[in-house]
Amino acid sequence: MSLDKSTVVQIATLARIRVPEEELEGLASEMDKIIGWVEQLDEVNTDAVSPMASVVDVKLIWRPDEVTDGDCCERILANAPKKSQGFFAVPKVIE
Amino acid sequence: MSELNHLTMAQARDGLAKGEFSSAELTQAHIAALEVSRGLNAFVTETPERAMKAAQESDARRAKDRDEPGSMEGLPIAIKDLFCTEGVLTTASSHILDSFTPPYESTVTANLWRAGAVMLGKTNMDEFAMGSATVTSYYGPTVNPWQRKDDDKPLVPGGSSGGSASAVAARAALGATGTDTGGSIRQPASFCGIVGVKPTYGRCSRWGIVAFASSLDQAGPMTRTVRDGAIMLGAMAGYDPKDSTSADKPTPNFETALEQKVKGLKVGIPEEYNMEGMSRDLLALWDRGKEWLTAAGTEMVPVSLPHTKYALPTYYIVAPAEASSNLARYDGVRYGFRAEGETLQEMYENTRGEGFGAEVRRRVLIGTYVLSAGYYDAYYLKAQKLRALISEDFREAFEKVDVLLTPTAPSPAFAIGEKMDDPIAMYLNDVFTVPASLAGLPAISLPAGLSSDGLPLGLQLIARPFDEETMFCTARTVEEAANFDVEPALMVGA
């Protein structure tokens, strides 16, 4: 399939990235080329292959589910572009 | 005390132990070198005051307890700007992390400071480690200290750990940390004529490293000698309960491993790495590598890794997919850059639209596409199956051989501005490094010779999982035989 301008608009919305109108065409053609290139994987029959989940044989370990930190509101908010009364501040979401 | 910045890490360590100079003097020499080399744009942030304070503290520790110094006591190094450093700006060379000052320290850097190392500053890189030339940085490209014969056109240092590679090659740091997702330590090491080590996935903790593709990202050292790489990896590695993929294994003494005998080892030569269009220089260098190792008593064994040609397209599904998910956190709410908008959605879109550069945007969009409803099986699942086959190729090869010898990169460093129009041409830089990344294997690049136009070329050694020891001792043998002693044109104190 070919990846067109409207697909890019749709993906960009999903990814929450604003793409200026004049860049859509170029981006669609670049992405179409990359997707066309990765599609060479279709040459390989993988019907009997299980997808790889992890490269190393590591068993995930259990730990007690307990609070190990807290009381650090100021440190957490220190890098916030906007904050208000101990919270991150964002544009109004409810009228 | 001049030329302290020309010592290797091991020489500096021994000089400090003998009291020939102090860490303050050693660090001062590197700060001076770093200032002289500013034209390379290797650093995003310099931290000279912090460095001098740490060096003086190191000298005080040594005076108090001379017998038990840390393994990197008093040694000044640079840190890739992808590692979170408490109280020091950490940007991932992205506009979207503008003014981000982490309130915590990454495990790898914390390990280095515990071993006594001194931080000179944070190095430039491709934005979010996405690139092979350090040209996608928001802070501008880094310059390679090497130049072509009879041509002073600025060359790329490779990437993404290009600032680290450039700083180490220019003698502005004894060593530097890098991270490698598909070749981001080994390829810049090859381009800058230094040693770069990507350890086994799980050897170094990823905690506190800005995430790109979590199933591939690994931290490693970039140094001027194999021994220095062994010293520095020893200080960086170790189990960390904060990273669930960190391996609960003891860290071997990598420096001792350098003395292991290579005689009798079987060295695999993967036939698929002999690719069309490879330069004669590179093929000749690969042949010399085989001769050196044969002379040292190892046996060359041809092996086949049949799925090699699918490694790059597999990588360019897996890595962007994981990146699109990891980079979802940059939303202008909790840290970094924010562009305002009328609604929350608009604020997100404006922030991410303005905050990400072109290559990062392209990869997040590709990743979003291959993970989107209806395409997941066709792309992501398919790639994970290919990854299993690629990994199986290596497993079979390592039943017959102990280590693999290959070139590191298909070409020497190219000029800044080249390969910019075609993303796939840029991706091909990593053709020899990506397969080992997909399989999580340890690999090292070391400088072994020069191209016909006078630029360094690297050879790569790949070993079994968690067998960095065989990788290091084989690399040491190649290093000794190659006797690479050419220095870059733009080196400090040349």
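Reply: The buried residues of helix α4 in chain B are B:T107, B:V108, B:T109, B:N111, B:L112 and B:W113, where buried means under 20% relative accessible area, exposed over 50% and partly exposed in between, with a 1.4 Å probe and protein chains only. This is a predicted model, in which local features need pLDDT of at least 70 and side-chain atom pairs count only at pLDDT 80 or more, while totals for chains, interfaces and linings use all residues. Residues are numbered from 1 along each chain as its sequence is written, chains are lettered from A and ligands numbered from 1 in the order in which they are written, and side-chain values use heavy atoms, with hydrogens and water left out.

The helix α4(B) spans residues 107-114 and is mostly covered, since six of its eight residues are buried; helices (H or I, at least four residues) and strands (E, at least two) are DSSP runs, numbered from the N terminus. Packed against the buried residues of α4(B) are, in chain B, the helices α3 (48-64) and α7 (226-236) together with the strands β2 (76-80), β3 (118-123), β4 (175-180) and β6 (218-223), contact being heavy atoms within 4.5 Å. After α4(B) comes B:G116, with a positive phi near 105°.

Helix α1 of chain B, residues 9-18, has B:M9, B:A10, B:A12, B:G15 and B:L16 as its buried residues. Their cover includes α2 (23-36), α3, β2, β4, β6 and α7 of chain B. Just after α1(B), B:G19 has a positive phi of about 75°.
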